Amino acid sequence: MSKFLGEIRQLGYVVPDIEAAMEYWATTMGVGPWYYNPKVPIEDYRYDGKPYEVHNSVALANSGFVQVELIQTRNDAPSMYRDFQEAGHTGLQHVAYWTQDFDNDLALMEAQGFKVKMSGTVGENGRFVYFDKEDYPGTVIELSEVVGPKGRLFKTIYEASVGWNGDDPVRPFPSLSEI
């Protein structure tokens, strides 16, 4: 358990082929079902404080209470995912902590010397930040707000994983405005 933010709730993997990665995780690892979004609707995306239009494909599934996120970048917008790939890495890029008290947890991390490198919003009350500290590849920390539709989506993904029998391994993301 983190001394600051509680339990790690998500492991984020940057992959070169998200479809192949979902197939591997579902058939070899037995993790699923995968909720796939070919273009995540990120609003107010910023990298080093500057706005960019980013296009990422994301797939989410749970293994117990830990969510696995697969990420494939689809354009050349600056991002920590692209930085990771350009450094010659693939695989685990970040760990995420989920919060229902985003402003206070962000202030806590900043008081500990963490600086925001990448940020954005996915749905109402779905802010996220990635901090710039990374001593080892795969140890970027994400703080993700889960009080709005994104939190309800994450609950749906977890519930679908309980007792999953391998059927319907890839499913579309529900609309965040409808969940």
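Figure 1. Leaving aside neighbours within four places in sequence, Tyr 47 is in contact (heavy atoms within 4.5 Å) with Tyr 52, Pro 78, Ser 79, Met 80, Asp 83, Lys 117 and Met 118. Tyr 47 has a relative accessible area of 9% and is buried (under 20% relative accessible area; exposed is over 50% and partly exposed in between, with a 1.4 Å probe and protein chains only). A distance of 9.0 Å separates the C-alpha atoms of Tyr 47 and Ala 77, which are 30 residues apart along the chain. Strands (E, at least two residues) and helices (H or I, at least four) are DSSP runs numbered from the N terminus. The model is predicted: local features need pLDDT of at least 70 and side-chain atom pairs count only at pLDDT 80 or more, whereas totals for chains, interfaces and linings use all residues. Residues are numbered from 1 along each chain as its sequence is written, and side-chain values use heavy atoms, with hydrogens and water left out.

**Figure 2. The largest nonpolar core and Phe 154**. A nonpolar core is a set of buried Ala, Val, Leu, Ile, Met, Phe, Trp, Tyr and Cys residues joined through side-chain atoms within 4.5 Å. The largest comprises 26 residues, and Met 118, Tyr 130 and Phe 154 have the most contacts inside it. Two or more residues of this core come from each of strand 3 (43–47), strand 5 (56–63), helix 2 (80–86), strand 7 (91–99), strand 9 (127–131) and helix 4 (149–161). Beyond its neighbours within four places in sequence, Phe 154 is in contact with Gln 10, Leu 60, Gln 67, Trp 98, Ser 144 and Val 146. A second, separate core has 15 residues, including Tyr 13, Met 22, Trp 34 and Trp 164.

**Figure 3. Aromatic pairs at Tyr 130**. The whole structure has 7 aromatic pairs, where rings of Phe, Tyr and Trp (its six-membered ring) pair if their centres lie within 6.5 Å; planes under 30 degrees apart count as stacked, over 60 as edge-to-face and the rest as tilted. The ring centres of Tyr 81 and Tyr 130 are 5.7 Å apart with planes at 85 degrees, so this pair is edge-to-face. Because Tyr 81 lies in helix 2 and Tyr 130 in strand 9, the pair ties together parts that are 49 residues apart in sequence. Tyr 81 is buried at 7% relative accessible area, and Tyr 130 is buried at 1%. Phe 128 and Tyr 130 also form an edge-to-face pair, with centres 5.9 Å apart and planes at 90 degrees; Phe 128 is buried at 6% relative accessibility. Tyr 13, Trp 25 and Trp 34 form one aromatic cluster.

**Figure 4. Arg 9 in the segment before strand 1 (10–14)**. Arg 9 is partly exposed, with a relative accessible area of 23%. Apart from neighbours within four places in sequence, Arg 9 is in contact with Phe 65, Val 66, Gln 67, Ala 96 and Trp 98. The C-alpha atoms of Arg 9 and Glu 145 are separated by 12 Å, although these residues are 136 residues apart along the chain.
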